[in-house]
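Biologist: I would like to learn how to read a ligand site and a ring pair. Please take me through them in turn.

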Amino acid sequence: MLFEWTDSPEEFAERGAAHAAAVIDDMPEAAIALPTGSTPIGLYDRWVERAATGEVQLNRAHFFNLDEYAGLPQADSHSFAAFLHRHFLDRAAIDPARVRLLRGDAPDLEGEAAAHDAAVAAQGGLDLAILGLGGNGHIAFNEPGADWNQGTHRVPLTEATRIANQAYFEDGFTVPRDGLTMGIGMLRKARRVLLLVTGVAKAEALAMLRAGRPDPAWPVTALIGHPHLIVVADSALRG
Ligand code: PGA
């Protein structure tokens, strides 16, 4: 586990983008799982800038989303699919044929989860999982107590996560009660993991990771022992 401490939002975004770009340099056809939330926005901005100048070649990579709200069509502006289109995929003109996003409104969510896993498996598994961190230690929508061996599956969202995510919506939208998420088993198998952590709300969860004791009450601790885990975090969380 390699920690990189950053002193400003600019440096945070820059370091995250640089690590992710290095993976793409090594593996131009990398299969990459993408997060949603406020944390990765700076990274996406930098990728978009670099794709425009040719500094990073994103056009052979394959992109997947980590998670999605259950019940929402991708076209709904509140969906994670729409977020990824808005912040990254459309701006970087990523070929839709190289993108597989979960369909939260699929009539058969279990079948949809299995299709996501099959699409990842068809690329030989994940080369890079880019993850944010929840204040309760969640990674993607794997909440405290989650099974550590699963692939993509349906999950009930915790109240803590629903409240945290509600803050992004001021238009009367109510965060759904369920989600679809890549499971921890799948994320742990990613060849490389980039965990992005910013904000004091994440301090306790990050401290649990640093303590080095795997604990199902803190899903992020499932990453302890991963051979290629890089954590980019605020210096303010260094303690
Ligand atoms: P945030 O969410 O980036 O909006 O803080 C991270 C997460 O919950 O995974």
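**Ligand site and ring pair**

Modeller: A polar side-chain atom of T39 lies 2.4 Å from an oxygen atom of the ligand, a polar contact being a pair of N or O atoms within 3.5 Å. This is a predicted model, where local features need pLDDT of at least 70 and side-chain atom pairs pLDDT 80 or more, while totals for chains, interfaces and linings use all residues. Residues are numbered from 1 along each chain as its sequence is written, and side-chain values use heavy atoms, without hydrogens and water.

Biologist: How far is an oxygen atom of the ligand from an N or O atom in the side chain of K202?

Modeller: That distance is 2.7 Å; for the side chain of Y168 it is 2.3 Å. The protein buries 85% of the 280 Å² that the ligand exposes when taken alone (Shrake-Rupley method, 1.4 Å probe).

Biologist: Which residues surround the ligand?

Modeller: Among them are G37, S38, H138 and L133 (a heavy atom within 4 Å).

Biologist: How is a pair of aromatic rings described?

Modeller: By the distance of the centres and the angle of the planes. Rings of Phe, Tyr and Trp (its six-membered ring) pair with centres within 6.5 Å; planes under 30 degrees apart are stacked, over 60 edge-to-face, the rest tilted. The whole structure has eleven aromatic pairs. F63 and F88 have ring centres 5.3 Å apart and planes at 80 degrees, so they are edge-to-face.

Key. A polar contact is a pair of N or O atoms within 3.5 Å; within protein, one must be able to donate a hydrogen and the other to accept it, and residues adjacent in sequence count only if both atoms are side-chain atoms.
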